[in-house]
Amino acid sequence: MSSAILLEHVTKNFNDFIAVNALNFEVKAGDIYGFLGPNGSGKSTTLRMIMALIKPTSGSIKLFGESLGENRSEIMRKVGCIIEKPDFYGYLSAKENMKLFARAHLLNYSAAQYDALFSLVGLKGRENDKVKTFSHGMKQRLGIAQALIHDPELIILDEPNTGLDPQGIIDLRNLILTLNKERGKTILFSSHILSEVQEICSNMVVINKGKVVVQGGVSELLSQENLTVKLEVVNPVEASVVLQQSNWAGMMESQDETLFVFNMGKAEIPAMIDYLSQHHIGIERIDYRNQLEDYFLKITNA
Amino acid sequence: MNEFLAILKNELIKTIRRPRSYIGFGVIAFICLMLQGAFYQDGKELLSTVTAQFDNIFNVQGNILNGNLICYIVLQTLIVQMPMLVAFVTGDQVSGETSTGSIRFLLTTPASRTKIVVAKWLSGLVYTLFLLLVLGIFALFVSRAIFGVGDLMAMNSEGLTIIRADDINWRWGFAFLIAFLSLSVVASLSTLLSCIMDNSITPIVTVMAIIIIFTIIGMFDMKSFDVIKPFLFTTHMISWRSLFEDPLPVDNIVASCAILFLHVVIFLGAAIFYFKRKDITN
C-alpha cells in the first residue's frame, strides 16, 4: 500500500513552546487512521501542518509521496478537511457557501450534484437557509460536505463529532466507513475519545505533549489479551490469601485495601470469578480496561 | 475558469453579499444629499459672503453656485471619510476571515496564498472604484442636475482659480482617477494590516489612526515635519486638487501619482510577503 501521509521528524515551535516534537508517522492509502491525544497534545497543530496552514519549524511532510512545501496546490486538489470547528460565511446560504468552495476547486456542480451532497450529510431541505441560522451540529455537517465537495482521495477530520447529536455521530461513523470501504478514501480522524477511534479506525497514533506515545494497529493496541483488571472484594484479607495461592498470583500488580489490580487476558476473567466464588470470596465489582485505554484515560484526565 | 479568476469571483461575491459593503454607499449618498440640500437652501447667501471680499477686484457674474462647485466642496469634505469607508471593508477582508475561522477553508483550497491575497486586494479595489462611482454620480451628476453647470471657482493655496465649464470635464476625470489611486493606497495599507492582525476591527482603526497622524503632520509648517512630509502618502492624496489649478502643475501631479503608486506596490508586496509566512493558528 502506498503512503498517503508521511511525517518525518516534524517539529513545530511557537517561540519557546514546543507544540510538536520530532513527530513521525505514516498513513497508508486506503486506511482509516485514528489520531488521538488529549486537548493540547499537538493534534490540531499537526493537522494544520499537514494542511499547510502552519509551517513546520523542521522536518518533512509528504502527501501522496510529494513534498507539501513544493507541491501544495496539486496536493490540495486531493485532500479535503475539517480543521477544528467549521466556520462559514454566515451571510450566505449553505448552498452559496458550497458554490464558493466548488468554484475554488474549479468544479462546475449541477443542481443534482448539490442535492446529492446535501442529502449525503443530512442537510437536504436546509441548503437555502443562511448559515448563520445553523446550529453547531449543522455547521459540522456542512463542514463535512465542504470536505467532500471535490471528491478528495484523502479526508482529514479534526474532531468531527464535536457538536453532533447521537444520531449525527452514528451517521458520521457510517459515512466514514462507507467512504472508506466503497470509495476507497483514506481518512485521518482525530479525536480525544478513544472509543470513537476504536470503532472505525484500523490504525492509530497517540500523541501527548507533542510526541508520539504509541502507534500501530487498533486491534493489536487494544487487544483483549493484555488488560488491566480491577477487582474489588468484600473480604480482602481472605481474598489476598486465596489469590496468592492461585494461578493469578503472578499477574497481580497491586493491592490497595479492597482493590486488587491484575494484568491479564480477558479470557481468564470467568475462571478467576469461579475460583473466588468457590473460596467464598464476595466480589463487589470487577472491571477491565485495555492498558492503552487505561493510559489514555490517565493522560486525558490530566 | 482560471483559478485566479475563480477566487476573484468568490471574493467579489463575498463583498457584494456582505451587508457592511453597503454602509459606504449609504454614507456617501447621505452626505452628498445633505450638502446639496444645505447649499440649495443657504448656498447663495454663503457664496455672496465669500465673493464680497473680491467685489473691489472683479465682478462675479453667472451661475457660480453650480454642480461643479458643489462637487468640489463635497470632495474636500469627504477627504477623511472616504479612506475610512474604504478601510471599513478592505481592512476586514483577511483579518475578518481569520477571526471567524473561514480563512482555514480558503487556505486549504489549491489556490496559493499569493493569489488569495491579490484576489482580496483586487476585490477591495473594485469596491473602492464603485464607492468613487457612487460619489461621482451623487457629487457631480446629481449636483449638476440640481444646480446646473457653470465655471468653477476653486479656492486653493495659490488663491482663487476660475476653471471654465467647457474645460472642466477632463479635470474631473483625472481628479477621480487620482482619488482612486489615493484610495488604492488606503486599500493596500488595509490589506497589509488585515494580513498581520487577527481581528477585524484593529486594522480599520489602525488605518484611520495612521491617516489622522499623517494628516496632522501635513497640516503644520514645521521644519522637522517638512523633512518627512514628501514621503507621507497623505501628502499626495490631496493632489487631485492640483487639477483645478492654472497653469496645471503637471510635474507635481505626476510625482504624486508615482509616490502613491509606489506605496501601493510596497504595501501589497509586504502583505503578500507576510501572509505567505503566516501560521493560521485560530
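## Core, sheet and chain contact in a predicted model

In this predicted model, the largest nonpolar core has 142 residues, and those with the most contacts inside it are Tyr33(A), Ala145(A), Ile156(A), Phe189(A), Met204(A) and Val86(B). Such a core is a set of buried Ala, Val, Leu, Ile, Met, Phe, Trp, Tyr and Cys residues joined through C-beta atoms within 7 Å, where buried means that 20 or more other C-beta atoms lie within 10 Å of a residue's own, C-beta atoms being placed from the backbone. Helix α8 (residues 169–196) of chain B gives the most to this core, with 14 residues; helices (H or I, at least four residues) and strands (E, at least two) are DSSP runs, numbered from the N terminus.

Chain A holds an open sheet of six strands with mixed pairing, in the order β6-β7-β8-β3-β9-β10, two strands being paired if DSSP finds at least two bridges between them. Four bridges join β6(A) to the parallel strand β7 (residues 154–158) of chain A, and Cys81(A) stands opposite Ile156(A) in β7(A).

| Helix | Residues | Angle |
|---|---|---|
| α1(A) | 43–50 | about 150° to β7(A) |
| α5(A) | 136–148 | about 165° to β6(A) |

Between the chains, 25 residues of chain B are in contact (C-beta atoms within 7 Å, placed from the backbone) with 23 residues of chain A.

Residues are numbered from 1 along each chain as its sequence is written, and chains are lettered from A in the order in which they are written, with ligands numbered from 1 likewise. Local features need pLDDT of at least 70 and side-chain atom pairs count only at pLDDT 80 or more, whereas totals for chains, interfaces and linings use all residues.

Technical notes: Contact = placed C-beta atoms within 7 Å. Buried ≥ 20, exposed ≤ 12 C-beta atoms within 10 Å, placed from the backbone. Axes fitted to C-alpha atoms, helices over the stretch in contact; angles between N-to-C directions.
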